[in-house]
Amino acid sequence: MTSATWTSWPSREALSRRGRTRPRAAIAWSVRVLLLTLMLWGTFSDGRFGPWEVVVGLLGVIGCVWAGWAFFRTSLEHRLWPSLGLMALLMAAAFGAQQAGAGVPAVILWCGCAVTALERLPLSAGVPATAVALAAYAAVNTDGWMTTAVTTAGLCLAGYVLRLDAEARGSAQRLLEQERAARVAEAESAALDERSRIAREIHDVLAHSLSAQLVHLEAARLLIEREPSGEFRDQVLERVVAARSMARDGLAETRQALSALRGEVSPVEDYLRHLVAAVEPGEVTVAGEQRPLTAEASQAVRRVAQEALTNVRKHAPGADVLVRLEYLPGEVALEVRDRGGRLPVDELAVSGSGYGLLGMRERAELLGGTLEAGPGEEGFVVRLRVPA
């Protein structure tokens, strides 16, 4: 064996209960219950103890159970000296039980320490601890040297086999986790490739179309401006300028969506401030500890904010807009509130499909979140909460 074999701990996966099948777990719990029952029976079965001795014996059993549980925890955390200290405490408890006449609990503690030390400690510490425990057991055993030798050899073999079995189970658990991580990475790579493909399609179709519309609308604006001034000409020019502005905003939003699909998302706070800057007067507040959001949560916040502000412009022109973004544990909350419009509603406010709120709610529910929209104290309020 190499020096690393003697000084290394069993892996955390081997020492933990993760990866155990239900039959294994049932057997382990059955063994624990059996040993505890034997300890209690061996301590109190002969009935020669008085009430005070019974209380002391019961406290001793409880203390041994606690020390065993603490040893499992410290060995799981690879803390050598606390583990050895707890092992020594259990052996001392076994010696005390032997001196008090409770031979069965003493034998159980010594044999349990021998097997467990070899299973859960580095071999450089486990082998001496096992040797001490088995020597104490051999000193008090009266069944003859052959029985003692066979028992000690069997306990050593059991401890080492349990160690090898735990290491094999830990290696299988690590391989399973690596395979899961590889599958997740493969799925993420496939999703990124699909997003990139969709982004290219959107760029080739929608972005080019909007760019061409901008060129034609700019040409139409220049042609209309050459015509003599008049009411009809001014109305047409106003509509063309508005259409050009919407096409420009649509192109900017398309580029934002393309960036999100490619994973190149700007901070959502900056996007909200840029969005609200076009809606005067407006204010953006951010609460909570800021952190990067998932692409889905970021897109949901952006699209809901965009739709809510579009509704404000259409149905409450001139209204004060308050946008609040709050980072909460495990989720993010957005609130868009207006204080009622102060300007007459334009005739185009009735345009649109009327499915804006429904689409926002469906977007939130697909992510496991919620969306509430309705009248507030002064105007209209939209509240979004999505996991992030």
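View 1. The structure, which is a predicted model, holds zero disulfides. The sulfur of cysteine 64 has its closest cysteine sulfur in cysteine 113, at 8.7 Å, which is too far for a bond, since a disulfide is taken here as a pair of cysteine sulfur atoms within 2.5 Å. Seen from the other partner, cysteine 113 is likewise in no disulfide, and the nearest cysteine sulfur to it is that of cysteine 64.

**View 2. Helix α5 from end to end.** Helix α5 runs over residues 80-99 and has 20 residues. From the first C-alpha to the last, helix α5 reaches 29 Å, close to the 28 Å expected at 1.5 Å a residue. Just after α5 comes glycine 101, which takes a positive phi of about 95°.

View 3. Which residues of α5 are buried? They are Ser83, Leu86, Met87, Leu90, Met91, Ala94 and Ala97. Because these residues cover an arc of only 140° around the axis, they lie on the same side of α5. On the face of α5 turned away from that buried side, the exposed residues Trp81 and Gln99 are found.

Terms used:
Residues numbered from 1 in each chain as written. Predicted model: local features only at pLDDT ≥ 70, side-chain atom pairs only at ≥ 80, totals over all residues. Heavy atoms only, no water. Helix = DSSP H or I, 4+ residues; strand = E, 2+ residues; numbered from the N terminus. Expected span 1.5 Å × (residues − 1). Buried < 20%, exposed > 50% of the residue type's maximum accessible area, 1.4 Å probe, protein only. Arc of directions from axis to C-beta.
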